[in-house]
Amino acid sequence: MLRVRIWTALLGVSVSIPVVYYGGVVLTLTVWALAMLALNEYRDMLAARGSETSLPLMALGGTILLGVAHWRPVFLPVMLPLVLPLLFGLLLLSHRDDFRSILFTMFGTWYVAIGFGSMVLLRQLDGIPWYLPNTGVFWLMFAVLGTWLSDVGAFFLGRRYGRRPLAPTISPNKTWEGFVGGGVVAVLGLLLYAAAFGHYSSQVAVLAVLVAMAAPLGDLFESSLKRYCRVKDSGTLLPGHGGILDRFDSLMFVSPVLYAGIMLFTGGI
């Protein structure tokens with residue numbers, strides 16, 4: 001199983017690096033495809049618990065938000081709240097009046113679209129102030145690398161030193177030692193990454209800490225969703241890893257948190 005996980009991860013890395021490098025429509029379409037697969041997994045998980053969601057409407061809302069993130073990011077703060085009443089109205093027109101169905105459909109759209117859409121926004125970060133790196137490639141890889149380091153650090157250090165459960169009712173195998181260890185590994189690794197490109201600053205250090213904190217929370221959130229739905233994995237698409245949500249859960253928290261932190265530092269919010 002470990003060998004399968006490694007080969008799947010290597011394949012993912014070999015595909016993601018050129019996609020991140022080229023950016024543009026190539027990245028947006030790739031992210032859109034991942035988001036649609038994630039929404040399908042989200043629908044199936046909730047169906048296992050007996051909760052209906054509307055996949056077509058979630059796909060519509062997600063496509064709108066990802067399209068705005070690609071073409072006119074400046075409109076995104078307006079579109080994020082507007083999508084909710086749009087979906088609610090369409091749900092009513094489709095005679096879907098069960099509150100849980102409405103709630104899960106609207107939330108699923110936000111959760112997936114914001115998580116994946118933020119990756120598109122990070123890649124578009126060019127020309128920001130001098131005290132922060134001004135390339136979108138740097139920032140998207142910052143998010144990906146920080147997520148990976150946090151995951152690897154938490155796994156190995158938690159297995160070696162883990163004693164105190166972090167959230168036993170959500171994920172019994174996660175420990176405080178793994179949480180702290182993964183965070184330290186992520187921060188140190190991101191500082192080395194930034195320094196290697198001549199971009200170390202106090203702001204970058206703060207952003208590294210935010211990434212290190214967001215990554216395990218994203219993992220725990222998806223674990224709580226799976227526990228609610230009583231499923232082991234979100235899907236079976238990725239051998240040894242589960243589904244798209246299983247693989248991207250941490251990055252879906254890291255990307256919006258990192259983007260929001262950059263916007264706060266640069267006066268974009």
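Predicted model: local features only at pLDDT ≥ 70, side-chain atom pairs only at ≥ 80, totals over all residues.
Let's start inside. The largest nonpolar core has 70 residues. Phe116, Leu122, Trp139, Phe142, Leu258 and Ile262 are the ones with the most contacts inside it. Helix H5 gives the most to this core, with 11 residues. In general, nonpolar side chains tend to be buried together in soluble globular proteins.

What does Ile262 touch, leaving aside residues up to four places away in sequence? Its partners are Leu122, Leu125, Ile128, Leu132, Trp139 and Leu207. Two of these, Leu122 and Trp139, are also on the list of residues with the most contacts inside the core.

Now back to H5, which runs over residues 99-123. Most of this helix is covered, with 19 of its 25 residues buried. From the first C-alpha to the last, H5 reaches 36 Å, close to the 36 Å expected at 1.5 Å a residue.

Here are the helices we meet along the way:

| Helix | Residues |
|---|---|
| H5 | 99-123 |
| H7 | 176-196 |
| H8 | 202-229 |
| H9 | 244-266 |

Time to look at the outside. Trp176, Val180, Val184 and Leu188 make up a nonpolar patch on the surface, and together they have about 380 Å² of accessible area. One of them, Val180, sits in H7. As a rule, an α-helix has 3.6 residues a turn, so residues three or four places apart point the same way.

Last stop: Arg230, in the loop between H8 and H9. This residue isn't a glycine, yet its phi is positive, at about 60 degrees. Is Arg230 buried or exposed? Arg230 counts as exposed because its relative accessible area is 65%, and the cut-off for exposed is over 50%.

Note on methods: Residues numbered from 1 in each chain as written. Heavy atoms only, no water. Core = buried A, V, L, I, M, F, W, Y, C linked by side-chain atoms within 4.5 Å. Buried < 20%, exposed > 50% of the residue type's maximum accessible area, 1.4 Å probe, protein only. Helix = DSSP H or I, 4+ residues; strand = E, 2+ residues; numbered from the N terminus. Contact = heavy atoms within 4.5 Å. Patch = residues over 30% accessible without salt bridge, like charges linked within 9 Å, V, L, I, M, F, W, Y side chains within 5 Å. Areas by Shrake-Rupley, 256 points an atom, 1.4 Å probe, with all protein chains shown as cover. Salt bridge = Lys/Arg side-chain N within 4 Å of Asp/Glu carboxyl O. Expected span 1.5 Å × (residues − 1).
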